Amino acid sequence: MNDSERLAIAAHLHVALRRKTGRVTDTEWMASDTAYGQAMARFALSHALANQDAELERLAQRFAASLPGAPAPAAPATASDPAAPQGLVASAKRYVGGLR
């Protein structure tokens, strides 16, 4: 997938997150920084699963799959999940927590 397609998907995810969660993201950074993109995809998936939001889940999965070298997340990682890689959990907390 090329950069412009990933940016377009990030823009759709940004709008959905803003509308459904009130969260503001940096669309260009999300599309260019894999760690930030993964964190935002996990945040979106977590919200989608908690609220049974199929549209947001679809967008988050599509965006996660567009990231270079990043597999689509099956489920959001949480600090209480013993199988979650601790580096990814810390990264997600830093990005998500910094946007509040």
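Because the model is predicted, local features need pLDDT of at least 70 and side-chain atom pairs count only at pLDDT 80 or more, while totals for chains, interfaces and linings use all residues. Residues are numbered from 1 along each chain as its sequence is written, and side-chain values use heavy atoms, with hydrogens and water left out.

**Helix H1 against helix H4**

- Helix H1 covers residues 3-21 and helix H4 residues 54-66, helices being DSSP runs of H or I with at least four residues, numbered from the N terminus.
- Their axes come within 9 Å and cross at roughly 150°; axes are lines fitted to C-alpha atoms over the stretch in contact, and angles run from 0 to 180 degrees between N-to-C directions.
- The contact (heavy atoms within 4.5 Å) brings H1 residues including Ile9, Leu13 and Leu17 against H4 residues including Leu56, Leu59 and Phe63.
- By class, this contact of H1 with H4 holds nine nonpolar, two polar and five charged residues, where Ala, Val, Leu, Ile, Met, Phe, Trp, Tyr, Cys and Pro count as nonpolar, Asp, Glu, Lys and Arg as charged, and the others, Gly among them, as polar.

**Salt bridges**

- The count comes to four salt bridges, each defined as a side-chain nitrogen of Lys or Arg within 4 Å of a carboxyl oxygen of Asp or Glu.
- One of them joins Glu55 to Arg19, with the closest N and O atoms 3.4 Å apart.
- Glu55 lies in helix H4 and Arg19 in helix H1, so this pair ties together parts that are 36 residues apart in sequence.

- Helix H3 (residues 34-51) packs with H1 at an angle of about 45°, the axes being 11 Å apart.
- H1 and H3 are therefore oblique to each other, given that angles under 35 degrees count as roughly parallel, over 145 as roughly antiparallel, 65 to 115 as roughly perpendicular and the rest as oblique.
- Leu13, Leu17, Lys20 and Thr21 of H1 make this contact with Phe43, Ala44 and His47 of H3.
- H3 and H4 pack with their axes 8 Å apart at an angle of about 160°, which makes H3 roughly antiparallel to H4.
- The residues of the contact of H3 with H4 divide into nine nonpolar, three polar and one charged.

How values were computed: Helices (H or I, at least four residues) and strands (E, at least two) are DSSP runs, numbered from the N terminus.
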